[in-house]
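Here are my notes on the model you passed along.

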Amino acid sequence: MSQRILFSDAEVLENEDVDAIGEIAQAATDSLVADAIGYPAHWSGFTATQQSAQIVRLTPGRYYTADMVYAADAATDINLQVYIPLAASDQRWIAIIMRGSVETETALRIFETSTDVETSEPIRQTAPKREVRKASFTIQQGAASPAPALRPTVAATDAVVAWVLLTSQGITSIEPGEGARVKSLYEIEKRVTAAEDDLGGITRRTTTIETQIVNITQRLTDIPHPTIIRQLKRDVAATRRLIALPDDARAYWYDPGLLQDEWDKTHASWLARVREGIRFPWAGERDAQLALLDAGSPAIRMSGTLLMPAWTETARLTVESDGSNINISQTTHTVVNAVRKEIARQVIEYGPTVTVCENQAEWANTAYLSVGELFTHNGETFEVVSIAGNTEWAGHILRAVRQVITRTVTDVYWDYVTEVIGVNGSIHGQTWLCSQPMILTSIDLDFDKVGATGDVHLFVCECDETGQPRFDLVVVATVKAPADLALGWVNFAFRPTLLESGKRYAWFTVTTGNHALGTVSGNSFTQGSRFVCTDGAWSQVITDSDFAMRLNVASFAATRTVVEMDALTLDSGMTEVRLVHGGWAPGGTSLVWEIQPSGSDDWQALTLNNADGADSLVGLPALVRLRAVFVGTTDLAPAIVMDATARGYTFRPRGDMVAITKDRAFGLSTTTIQVEAVLDNFDPAKHTAAPKIVIGATVYTPTATVVTPDLINSKKRTLLASFTVPATTSARARIDMTSTEVTDEPFVQNIAMYAM
């Protein structure tokens, strides 16, 4: 304050002196606001709250401009009824903006009417008494529009106290205009302090980087050119391949935990499992065949071992004969080996002990072994025919997430040799294009002549890209004796078979009998061709006629069918369920398995979307009800093969684990060894992990262990253990782990051992 009014004891007080006291004080405050604070259009102290569906209340506060401060001393209610949009689908943002005004307030006061106090008669009259800088509010509305609505454009010179979102129901949300709020010195000090700390750290790191760059620059001349390094790597790789250098003679060893080849399961200390990582062994497990709770339910229909929702047969494709026929045994008899493929298997694992593993990216290195390891079942062995791609092998895809793992196949039928059917006779058939998916249940053939002898074998097979039938890709087969044949339409029924859209299929007969099938001339069935095979391998296309035929498919009565199975059990409780079965689920359909643990009233689906909340087995239930939900259409539905290989497994792990590798040769002598293990689902409060080295019969503990948390996955750790041992040319890696809860256990994602 640069000015002050002075008074003497005997001085007569003048009006202008009293006015000057307020003017000087106000001017000093304005100067302080303009010089030290300087906010051009900001607010402080206001809080916007919702009082009803259309009323917003603002508490007392202040409005700062360049050199003035306006105040609202009382709460203000603002009615937004007129701004509420009428359409139910519309929204509107409004901005509550500050405004400042100077008002003069008056009051009744007593005035003297004369300077003579003896004769003066006081009177009361209104006079200006107070000048008020008043803060008020105005509304700026945005356009009403469907969500998301746009906020109104506010001038840079306006201060927004609050943003209010309105719908047809009234006020939906209130957001403070934080950008126009006056920041206190305390807030500013905290921000400056944080910035200074960051700046100090940046300065130190910059100095360190500069020093390191100088050191690197001095050593650049010592580093070989990258081209030379690449040439050397290529030469070494080519040399190793030419001389067949064994992989075990290396100073390093690595295993992704996918196969059991690198682990010594016969060692006395072995107590672990190798399955997409090194895991805790089972304390209890049970294997039971999947069985129907009510095999006589009218909602289902069994075709041999194939379970589907109830269906009836209907004709999908019909080609009528024009009276002509072809003798299907008029050519030289040949021998053909028809190779029948098997329906695809599916594996679903459920439980809190199954967790995410990035090892799936490493399957490409061991695909030819991993398929058999994943899908081989007791008493059922598959032969791998081909491997295709890095992320898919033999048509199989792995999907892994926390608590639920689903392994399935992309093809309906596996390329595994399951049955070789050797037949002798004439081979005639017809190809066709399957333009839409169907479940084929039978084929009708029109017989114009039936001989006294000779069985008729009917096969359905796939075709290659050129439309040539593949006798080694048979998906279903059936046979009829001569006594079952008759003139006219003869039905060849077989197990329902899923045919995929966009593929070409063929049926062909093999017989030695004197039989004739009806045909239609002019190649009226233009989506396929009649063919004849004389050598058991190559097929000759006939372009002037087609065989008469009817393709019969399944028509389902319901689009959703629930089938309950026998319950799964395990003494002392379970933490994981695994289902293994054959079957299919065409596009647009789904087969959902659901469980109901004992003590629970809800059924829980074993699906990927439910994985994050799949905690029903945490309580170690000893019994779990199981049911399958078939969801499809009237033309398509999932199917399950209910044979002896359809199994339901239940598991409960131990609380301790010991895994030990085979003896690995380094190819050199060393006294320093490092073991690096990546642990997943690791919680230090519940779990322990101790890497060790075994040389001969001696177990060595590390001299130093460094634990590095993963920056992305908070439950992943990398353990690097260093060992000092007597001079050795080989060693075993060992890792011991414990868990206080069997429902929450870690596992080793991958492990490496280095001879330093």
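1. Burial terms first: buried means under 20% relative accessible area, exposed means over 50%, and partly exposed is in between (1.4 Å probe, protein chains only). By that scale Arg 316 is partly exposed, at 24% relative accessibility.

2. Housekeeping. This is a predicted model, where local features need pLDDT of at least 70 and side-chain atom pairs count only at pLDDT 80 or more, while totals for chains, interfaces and linings use all residues. Residues are numbered from 1 along each chain as its sequence is written, and side-chain values use heavy atoms, with hydrogens and water left out.

3. Overall picture. The protein has 4 helices and 48 strands; these are DSSP runs numbered from the N terminus, helices being H or I of at least four residues and strands E of at least two. Of its 756 residues, 45% count as buried. The protein exposes about 37,900 Å², with carbon and sulfur atoms supplying 52% of that (Shrake-Rupley areas with a 1.4 Å probe; for residues, only the protein chains shown count as cover). Taking contact as heavy atoms within 4.5 Å, 78% of the contacts between residues at least 6 apart in sequence join residues at least 24 apart.

4. Salt bridges. The rule asks for a side-chain nitrogen of Lys or Arg within 4 Å of a carboxyl oxygen of Asp or Glu, and the count comes to 20. Glu 175 pairs with Arg 151, the closest N and O atoms being 2.6 Å apart. That pair links distant parts of the chain, 24 residues apart: Glu 175 is in strand E11 (residues 170-176), and Arg 151 is in the loop between strand E9 (145-146) and strand E10 (160-167). Glu 175 is partly exposed at 31%, and Arg 151 is partly exposed at 37%.

5. Back to Arg 316. Its salt-bridge partner is Asp 635, with the closest N and O atoms 3.8 Å apart. Arg 316 lies in strand E18 (residues 311-319) and Asp 635 in the loop between strand E39 (623-631) and strand E40 (639-641), so the pair ties together parts that are 319 residues apart in sequence. Asp 635 is partly exposed too, at 35%.

6. Arg 654 and Asp 656 meet through their side chains in a salt bridge (3.0 Å, N to O). Arg 654 has 32% relative accessibility, and Asp 656 has a relative accessible area of 29%. Salt bridges that share partners also join Glu 178, Arg 181 and Glu 187 into one network.

7. Where does Gln 468 sit, and is it buried or exposed? Gln 468 is in the loop between strand E26 (456-463) and strand E27 (469-480), and with a relative accessible area of 19% it is buried. Leaving out residues up to four places away in sequence, Gln 468 touches Glu 462, Cys 463, Ala 537, Trp 538 and Ser 539.

8. Val 479 lies in strand E27 and is partly exposed, at 42% relative accessibility. With residues up to four places away in sequence not counted, Val 479 touches Asp 455, Val 456 and His 457. Val 510 is 31 residues from Val 479 along the chain, and their C-alpha atoms are separated by 9.4 Å.
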